[in-house]
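Subject: the model to look at

Hi,

Here is the structure I promised to pass on.

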Amino acid sequence: MESILRKSLLYRSGLGFYCVNHVQGCRHGCLYPCYAYMIAQSHGRIRSYSDWCQPKIVANAAELIKHELNRRRVRPGNIHLCLSTDPFMNGFPEVTAMSLRLISIINSFGISCTILTKGCLPPEMADRSRFPLNNQYGISLISLDENFRKTWEPGSVSYSERIRALRELHNKGCRTYVHMEPYPTPNILQQNLREILEAIGFADRIWFGRWNYNNLVRQYPDYTGFYSRQVSILHSFCPDNGIECDV
Ligand code: SF4
């Protein structure tokens with residue numbers, strides 16, 4: 001895997017929370033399209049989609065995060081991995097190893113992490129001697145249909161494998177969540193939200209969001225009514241199953 005060096009790692013995102021992105025690019029190559037890909041291309045950090053799908057790890061990420069947290073008088077309460085890449089990228093054990101190292105370092109400063117992936121969450125994150133804080137472990141999941149995944153998230157881990165890894169952490173007492181965004185309208189994919197919710201009904205929290213990335217959604221008649229109905233389903237399912245719901 002290629003590597004790069006950076007001058008800084010920790011930053012506060014436009015969404016208001018602190019993040020680290022210790023890889024440039026992402027093998028998952030989502031085609032909604034990926035917002036991080038569009039930003040990287042517009043800023044000239046990558047040349048093309050195939051360039052984006054050949055990720056480069058930030059070789060000095062561990063040294064940077066230690067340095068940046070050491071020099072701060074006021075430290076963030078939580079750091080998110082990742083906003084513009086995937087911390088458990090399919091097929092890149094180097095990325096997984098670096099992510100685990102960074103989470104362990106961040107926890108050693110008394111800072112918790114939220115983690116979000118379309119890869120496979122490693123079971124060792126349940127090891128409290130290595131990851132002592134109440135981190136939150138999440139997967140992105142908007143369907144159970146593997147043909148849909150192969151079309152829109154071609155390099156990612158299968159849905160069943162994502163859910164299995166999340167459930168394993170849940171069974172070991174970790175706090176888990178599912179990020180359901182960008183949820184497709186029926187002209188993109190016909191599916192039953194309740195079936196997806198049944199598959200992830202063990203999670204502690206579900207975050208639901210619309211497909212905002214291109215005009216396909218607006219081509220579906222009454223797409224606002226469709227999303228209102230999905231939110232009603234969530235508002236009925238989540239409280240019944242003890243799940244926090246963010247829509
Ligand atoms: S997993 Fe996330 S960062 Fe990677 S391509 Fe998909 S949307 Fe972009």
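This is a predicted model: local features need pLDDT of at least 70, side-chain atom pairs count only at pLDDT 80 or more; totals for chains, interfaces and linings use all residues.

Residues are numbered from 1 along each chain as its sequence is written, and side-chain values use heavy atoms, with hydrogens and water left out.

There is an open, mixed sheet of eight strands, in the order β2-β3-β6-β7-β8-β9-β10-β11 (helices, H or I, at least four residues, and strands, E, at least two, are DSSP runs numbered from the N terminus; two strands pair if DSSP finds at least two bridges between them). β2 and β11 (244-246) are the edge strands with a single partner each, so one side of each has no neighbour in the sheet. Strands β9 (175-183) and β10 (205-210) run parallel, joined by five bridges; Val178 has Ile206 in β10 as its bridge partner.

Ser13 sits in the loop between β2 (11-12) and β3 (18-19). Ser13 is buried, because its relative accessibility is 7% (buried means under 20% relative accessible area, with a 1.4 Å probe and protein chains only). Its side chain reaches the backbone nitrogen of Leu15 at 3.1 Å, a polar contact being a pair of N or O atoms within 3.5 Å; within protein, one must be able to donate a hydrogen and the other to accept it, and residues adjacent in sequence count only if both atoms are side-chain atoms.

Trp52, in helix α2 (49-52), is buried too, at 3%. Leaving aside neighbours within four places in sequence, its contacts (heavy atoms within 4.5 Å) include Gly25, Tyr37 and Ser84.

Cheers

Note on methods. Buried means under 20% relative accessible area, exposed over 50%, partly exposed in between (1.4 Å probe, protein chains only).
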